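Please look at the structure before reading on.

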Amino acid sequence: MSVNLKEGLQGVSATDMHITAIKQINSLVNGETDMIANMANVAAYLYHTFHYFWVGFYIRKNNQLVLGPFQGPVACTRIDLNKGVCGHAATTQKSVIVPDVHQFPGHIACSSESQSEIVIPFVKENSTIFVLDVDSKKLDYFNEKDQQFLEEVVQLLV
Ligand code: SME
């Protein structure tokens with residue numbers, strides 16, 4: 001049987017999948033206060049549940065974003081705050097959906113296979129603490145529902 005993972009099994013909408021995922025991620029991180037441990041499990045959960053091409057975290061350290069827990073192919077270890085989609089999300093402190101990475105000025109291609117991307121910043125007291133970066137091998141893969149879902153996910157992490 002061929003399954004459209006975005007639409008889910010048997011007509012289950014992405015939103016229903018997201019609601020289930022939020023509950024499961026909540027259980028996963030509940031009671032654990034270590035951010036890195038929670039990021040590691042959340043990256044694994046998202047990667048294996050939604051079959052994203054790459055999912056992971058970049059943690060802000062001074063003027064750079066440094067690679068944190070992730071799942072998928074090896075990735076760039078450091079991103080300057082004025083570079084890439086991740087730097088853009090970190091400095092504007094707003095989520096960014098990039099339907100076609102080749103059209104985003106300054107996009108950093110850690111893998112030539114990535115075609116679209118979404119980056120969600122986590123901001124505390126006006127300071128960006130980390131970003132969640134998700135890549136797809138398909139163009140225009142992420143929509144506002146994905147953004148809303150992933151914004152809820154980062155709030156569960158800290
Ligand atoms: N594409 C990102 C870099 C990180 S990788 O996608 C894992 C960017 O432009 O910031």
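In this predicted model, the axes of helix α1 (residues 14–29) and helix α4 (residues 144–156) come within 10 Å and cross at roughly 10°. Angles under 35 degrees count as roughly parallel, so α1 and α4 are roughly parallel to each other.

**Contact of α1 with α4**
- On the α1 side, the contact is made by Thr15, His18, Ala21, Ile22, Ile25, Asn26 and Val29.
- On the α4 side, Lys145, Asp146, Phe149, Glu152, Val153 and Leu156 take part.
- By class, the residues of this contact are seven nonpolar, three polar and three charged.

**Contact of α1 with α2**
- The axes of α1 and helix α2 (residues 35–50) also come within 10 Å, and they cross at roughly 150°.
- Angles over 145 degrees count as roughly antiparallel, and α1 and α2 are therefore roughly antiparallel to each other.
- The crossing of α1 and α2 is right-handed.
- From α1, the contact involves Met17, His18, Thr20, Ala21, Gln24, Ile25, Leu28 and Val29.
- From α2, it involves Asn38, Asn41, Val42, Tyr45, Leu46 and Phe50.
- The contact of α1 with α2 has nine nonpolar residues, five polar ones and no charged ones.

**Surroundings of the ligand**
- The ligand is surrounded by 13 residues, and the closest are Val85, Cys86, Ile108, Glu117 and Asp135.
- A backbone N or O atom of Val85 is 2.9 Å from an oxygen atom of the ligand.
- In the side chain of Glu117, an N or O atom lies 3.0 Å from a nitrogen atom of the ligand.
- In the side chain of Asp135, an N or O atom lies 2.9 Å from an oxygen atom of the ligand.

How values were computed
Residues numbered from 1 in each chain as written. Predicted model: local features only at pLDDT ≥ 70, side-chain atom pairs only at ≥ 80, totals over all residues. Heavy atoms only, no water. Axes fitted to C-alpha atoms, helices over the stretch in contact; angles between N-to-C directions. Helix = DSSP H or I, 4+ residues; strand = E, 2+ residues; numbered from the N terminus. Parallel < 35°, antiparallel > 145°, perpendicular 65-115°, else oblique. Left-handed = near helix turned anticlockwise from the far one by under 90°. Contact = heavy atoms within 4.5 Å. Nonpolar A, V, L, I, M, F, W, Y, C, P; charged D, E, K, R; others polar. Near = heavy atom within 4 Å. Polar contact = N/O pair within 3.5 Å; in protein donor to acceptor, adjacent residues only side chain to side chain.
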